[in-house]
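Trainee: Could you take me through how some of the helices pack in this model?

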Amino acid sequence: MKKQIKNTLPATQSTSIVAARGVSDDNGLAQYIQTIQKIPILTAEEEYEYATQWTKNKDNVAAEKLVASHLRLVVSVAYDFKNYGVPMGELIASGNMGLMQALQKFDPEKGFRFSTYAMFWIKAEIYETILNNWSIVKIGTSANQKRVFFNLARAKRALGIMDTSMSDDQTKQVAEYLAVPESDVKRMATRIGARDVSLNAPMRNDEDSSDILSNMSDGRENIADTVEKMEMRRIGYDLLKKHLAALPERDREILTARRLTDPALTLEALAQKYDISRERVRQIEERAFNKLRDAILKETQG
């Protein structure tokens, strides 16, 4: 999918503007930012026009203008994750890939600005890059532990916890703040330990160093919550599909018709279809639902 997205856009864009992995030092980063800051910001009307040209006609020129005008947004988001141990060039390049994914799926007729839609894809792609580069979260890390990983520093600041090693009481406070089990906070805090860094650290080690882009406000939903919800929905769907298929055919059809179809079929309609009483249909539905629920709970709690 990512290779297809790269191949969709003009070569000049994918090699010179979007491919930011060559930004390996402060000077290169500064030059890159200066370059993209010269790209005009589109008005709402221009954005709609270019997006429409792309979605309807696959106009590469329109796609390039739409993506290029939002590259500074990617840099802004990337700076929010600058202290996770991944080179800034990698973060920007990943964010740019997310920007291109947003372009592939954006529908201008739904009335949203492209920047609003693209923000989710940019952050999601940067998230994936960070998770793939941090060895502590590559194996055996649950959704709750990932939540702690990305939000521990913020939670500690909000609670006024300055200690590197947290007490049991402080761990409990963080767990309640993040709505996760204490065990996940303890486990992830221990694993992070040696790499715990301040999110307010300057970009360079000099007194004049500043970070304007990273201070830009973002009132949108926390990306950790969004990604976690998506992952939970995916897992839930997979479990439902798996255990629904294990039910007897008639049970599966009745349960699907009664609880997974909108609008649901009536007991009368199903009774006529299977030549049984309405009460029998209700009993089969109840039995199938209980089997499905128990199977899912057994797998998730086992």
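Mentor: Axes are lines fitted to C-alpha atoms, for helices over the stretch in contact, with angles running from 0 to 180 degrees between N-to-C directions. The model is predicted, so local features need pLDDT of at least 70 and side-chain atom pairs pLDDT 80 or more, while totals for chains, interfaces and linings use all residues. Residues are numbered from 1 along each chain as its sequence is written, and side-chain values use heavy atoms, leaving out hydrogens and water.

Trainee: Are α6 and α7 oblique or parallel to each other?

Mentor: Helix α6 (residues 71-79) packs on helix α7 (residues 88-105) at about 130°, with the axes 9 Å apart. Angles under 35 degrees count as roughly parallel, over 145 as roughly antiparallel, 65 to 115 as roughly perpendicular and the rest as oblique. The two helices, α6 and α7, are therefore oblique.

Trainee: Which residues of α7 does α6 meet?

Mentor: Contact means heavy atoms within 4.5 Å. From α6, Leu71, Val74, Val75, Ala78 and Tyr79 take part, and they meet Met88, Leu91, Ile92, Gly95, Asn96 and Leu99 in α7.

Trainee: At what angle do the axes of α4 and α5 cross?

Mentor: The axes of helix α4 (residues 44-57) and helix α5 (residues 60-68) come within 8 Å, and they cross at roughly 135°.

Methods:
Helices (H or I, at least four residues) and strands (E, at least two) are DSSP runs, numbered from the N terminus.
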